[in-house]
Amino acid sequence: MTLTPLDWTIIAVYLIGCMSAGIWMRRYVSNVEDFAVAGREMDLNLGIASLAATEMGLVTVMYTAQMGFTHGFAGAVPGVCYCVVMLLVGITGFVIFPLRKAGVITIPELFEKRFGKRVRWLAGLVVVVGGILNMGIFLRLGGEFLMGVAGFDTQAAFHLTWIGRDFSIGYLETVMISLLALVLLYTVLGGMLSVLVTDYLQFLVLGMGLVVTSILVVWNFGWSDIVSGLERAGQAGQTYTESRKAENEAFYARMENVRQQDGAATAEKLKEEWEAERAEQMRRNAAALAENHVLLDTKKPNDPKPLVMEEPFNPFTSFGGMWVFWQVILHIAVVTTWQTSIARVLSARDETTAKKIYRRTSFYLVGRFALPGLWGATAFLYFCARGGLPEGADSMSAMPQFLGQILPMGVIGLLVAAMLAAEMSTDSGYLLTWATVIYNDLIMPCLRKPLSPRAKLLLVRLMVAAIGVFLVFYGLVYELPDLAWDYLAVTGNIYLASVFTLLVGALYWRGANRWGAMTAIVLGAVGPLAFLIVNAIVKDPAKQIPASLAGLSSFALSFAGMIVGSWLARALGHVDDGPNANDPQIEEATT
Amino acid sequence: MNNGFVWFWTAMIFASIGWYAFLLFYVGGKGGREIVQMARALAKRNKKL
């Protein structure tokens with residue numbers, strides 16, 4: 001374990017301060033509007049702190065560091081896309097200005113005014129499914145980081161004997177449940193008001209941790225050594241990938257000959273022997289491979305996976321042009337429709353404040369990818385120089401283990417407190433957002449008799465707790481694909497594509513109608529759901545659906561659905577714009 | 001070509017460190033005052049109700 005009493009003191013002070021402030025805000029909650037959008041009293045700087053803290057979760061640090069570990073600085077390109085798009089939206093007010101003006105609590109609520117109740121419900125469902133699946137891996141990655149940096153073994157467990165029976169609870173599960181319990185406590189009690197205040201404290205601790213850690217990483221390794229090391233690692237990675245490809249092709253040609261001459265069973269046996277022999281050879285030569293900038297992921301001891309650095313600077317070579325284009329489109333949708341960001345727009349004092357929050361938060365998002373990316377890229381070089389990754393480590397857990405080894409006493413405590421802050425602010429913001437959508441857009445439209453304010457509050461609080469419980473189980477069961485970012489982007493896409501299309505249609509196209517909206521929602525979810533299902537079944541990476549294809553197709557299908565569906569409905573005489581299509585609030589907001 | 005990207009990422013990373021440090025003090029100071037104002041406004045409104 002790498003934590004000293006000083007580190008533990010820093011962590012304890014942070015936790016006590018944060019929890020006390022969160023619980024204190026409970027006294028100001030008198031109705032659902034206070035709980036969900038802080039009574040719309042949030043001002044500019046608090047909005048910036050809250051948006052920045054929510055969007056910079058521990059899960060963000062983990063996956064952006066993983067991108068840095070596998071793609072060097074090029075892995076930070078989504079942050080640049082995010083920044084540029086948010087700045088442009090902050091300047092023009094595209095979508096966010098009319099949305100705030102409409103005075104709704106959630107996006108689906110706007111859809112009811114424009115397209116009717118069914119569209120609101122369906123959109124709410126898609127938002128919740130995409131959002132909760134997206135959040136499903138947060139707790140697990142958070143737990144893994146904290147254990148890695150503190151030097152605990154993620155496979156270790158407590159063993160208890162109770163009424164004659166033996167029980168074992170993993171350290172990881174314990175950390176995940178403890179994190180959740182802390183977040184639930186203040187989120188359930190104080191809602192958005194507690195979230196805002198704790199986000200503010202978390203913004204301070206998180207900012208301090210990120211700045212100090214980044215300076216120490218650069219200080220320890222030297223900037224020019226990091227850059228030249230990455231250049232060498234990128235070239236070595238390319239050479240290794242090409243030689244491995246040639247080796248694979250030669251073997252599969254041989255295997256095909258054996259299949260034709262001796263049958264499929266012999267060929268399969270040959271393949272198994274070859275793979276086992278290669279795995280053994282890699283394990284034996286791990287140190288030599290590391291010297292040549294190839295690390296071994298030994299999480300599955302019988303199937304070690306070589307990890308190489310892709311082109312570390314040029315994102316178009318590293319990921320491909322289609323992937324970068326997908327990131328641009330994805331971030332336009334994220335900035336204008338991601339409910340957790342929009343929750344800050346809707347909580348803002350007015351439309352001008354909402355635009356300012358976006359403009360001033362935009363550059364923060366570059367660092368969101370670039371700084372943990374720097375840690376990940378440096379972790380790659382660090383472990384290459386030390387003969388390989390520690391036993392059981394992979395591209396995801398390498399960065400926390402690296403920081404645990406290089407940071408001095410006290411700074412580790414600050415970093416753990418910062419990352420706890422990141423995890424808690426994101427979890428609380430997301431839990432509250434999805435619970436609000438379930439209450440506001442899935443349950444409320446189905447109730448015949450309105451609930452009392454007290455019952456409404458209780459319902460939202462129960463929803464927050466229920467989502468929390470789901471997160472623990474899902475995080476433990478789901479097996480992540482190679483890049484966590486691809487999982488997050490695709491699950492987010494389930495709703496981003498359709499909700500973005502609906503928002504643009506609702507706010508800027510008078511020809512949009514209910515039928516177009518329904519078609520857009522259904523078609524927008526097809527690509528990402530196909531990605532999740534097909535890739536969970538098909539194990540051969542060559543036959544899996546690329547994340548960029550799933551993401552881009554969902555936008556194309558959703559827009560096509562909106563246009564064709566609306567046009568067909570008009571052509572067939574089903575012109576139906578929803579009960580409040582001419583709602584003066586919507587009319588005013590969109591003009 | 002890569003040289004341009006190296007300069008770009010160098011600028012982005014160092015600017016991010018600087019920006020985070022600046023926001024820490026700037027937003028830190030002003031955000032604290034806004035929390036107090038928000039709490040006062042909510043308390044006043046709740047009293048009226």
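Reader: Which residues of α11(A) meet α12(A)?

Author: In this predicted model, the partners on the α12(A) side are A264(A), T266(A), A267(A), L270(A), K271(A) and W274(A). The residues of this contact divide into seven nonpolar, one polar and three charged.

Reader: How do α11(A) and α12(A) run, roughly parallel or roughly antiparallel?

Author: Helix α11 covers residues 223-262 of chain A and helix α12 covers residues 264-284, and their axes come within 7 Å and cross at roughly 150°. Angles over 145 degrees count as roughly antiparallel. The crossing is right-handed. The angle therefore makes the two helices roughly antiparallel.

Reader: Which residue just after α11(A) takes a positive phi?

Author: Helix α11 of chain A is made of residues 223-262. Just after this helix, a phi of about 100° is found at G263(A).

Reader: What end-to-end distance do the C-alpha atoms of α11(A) show?

Author: Happy to work through it! With 40 residues at 1.5 Å a residue, α11(A) should span 58 Å. The distance between its end C-alpha atoms agrees with that, at 57 Å.

Reader: Which helix gives the largest share of the side of chain A that touches chain B?

Author: The contact takes 33 residues from chain A and 28 residues from chain B. On the chain A side, α3 (44-55), α10 (171-221) and α18 (364-385) each supply at least two residues. That side divides into 23 nonpolar, seven polar and three charged residues. The largest share, ten residues, comes from α10(A).

How values were computed
Residues numbered from 1 in each chain as written. Chains lettered and ligands numbered in written order. Predicted model: local features only at pLDDT ≥ 70, side-chain atom pairs only at ≥ 80, totals over all residues. Axes fitted to C-alpha atoms, helices over the stretch in contact; angles between N-to-C directions. Helix = DSSP H or I, 4+ residues; strand = E, 2+ residues; numbered from the N terminus. Parallel < 35°, antiparallel > 145°, perpendicular 65-115°, else oblique. Left-handed = near helix turned anticlockwise from the far one by under 90°. Contact = placed C-beta atoms within 7 Å. Nonpolar A, V, L, I, M, F, W, Y, C, P; charged D, E, K, R; others polar. Expected span 1.5 Å × (residues − 1).
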